[in-house]
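User: I am new to reading protein models. Can we go through one step by step?

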Amino acid sequence: VQLQASGGGLVMPGGSLKLACVASGRIDRLSAMAWYRQATGKQRELVARSHIAGRVTYSDSVKGRFTISRDAATNTVSLQMDNLKPEDTAVYYCNAEIFVDPISPAIDYWGEGTQVTVSS
């Protein structure tokens, strides 16, 4: 299983970026997909999570500014980031809980990070 993320870059404060992540490989079904981020010198933190049952979770710091969405048909999760702030600067990681067969428990997979820099 591979998670391929894209969409990072440099943006000015108040700007927008959209991240996308596609899961591919041996996938029986997905349980949840999420975005985490890690700023320099800080621990990795959850940004937003979308569960297959429809539950969506956002960190307090991004509520009202970020929107997570999923496309079940293509195993894709996106993160629309609006009104970006310098404190949003971090490496963003895609995460997915994947069942690789009908019997085994779900496994956590991570994509390579994509850098988001918010600076004037």
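User: How many bridges join strand 4 to strand 9?

Analyst: First, the ground rules. This is a predicted model, where local features need pLDDT of at least 70, side-chain atom pairs count only at pLDDT 80 or more, and totals for chains, interfaces and linings use all residues. Residues are numbered from 1 along each chain as its sequence is written, and side-chain values use heavy atoms, leaving out hydrogens and water. Strands are DSSP runs of E, at least two residues, numbered from the N terminus. Two strands pair if DSSP finds at least two bridges between them. Here, nine bridges join strand 4 to strand 9 (residues 90-99), and the two run antiparallel.

User: Which residue in the turn between strand 4 and strand 5 has a positive phi?

Analyst: Gly-41, with a phi of about 80 degrees. The two strands form a hairpin with six residues between them. Ala-34, for example, has Arg-49 in strand 5 as its bridge partner.

User: Is strand 4 largely enclosed or left open?

Analyst: Buried means under 20% relative accessible area, with a 1.4 Å probe and protein chains only. Seven of the 10 residues of strand 4 (residues 29-38) are buried, so the strand is largely enclosed by the rest of the structure.

User: Is Ser-50 buried or exposed?

Analyst: Buried, at a relative accessible area of 8%. Ser-50 lies in strand 5 (residues 45-51). Contact means heavy atoms within 4.5 Å. Leaving aside neighbours within four places in sequence, the contacts of Ser-50 include Met-33, Val-56 and Ile-68.

User: What is a nonpolar core?

Analyst: In soluble globular proteins, nonpolar side chains tend to be buried together. A core is a set of buried Ala, Val, Leu, Ile, Met, Phe, Trp, Tyr and Cys residues joined through side-chain atoms within 4.5 Å. The largest one here has 27 residues; Trp-35, Val-47, Phe-66, Leu-79, Met-81 and Tyr-92 touch the most other members. Strand 9 gives the largest share, five residues. Val-47 touches Trp-35, Phe-66, Leu-79 and Tyr-92, among others.

User: In what order do the strands of the open sheet lie?

Analyst: The order is 1-3-8-7, four strands with antiparallel pairing. Strand 1 (2-6) and strand 7 (66-71) stand at the edges with a single partner strand each, so one side of each has no neighbour in the sheet. Inside the sheet, six bridges join strand 3 (residues 17-24) to strand 8 (residues 76-81). There, Ala-20 has Ser-78 as its bridge partner.

Technical notes
Buried means under 20% relative accessible area, exposed over 50%, partly exposed in between (1.4 Å probe, protein chains only).
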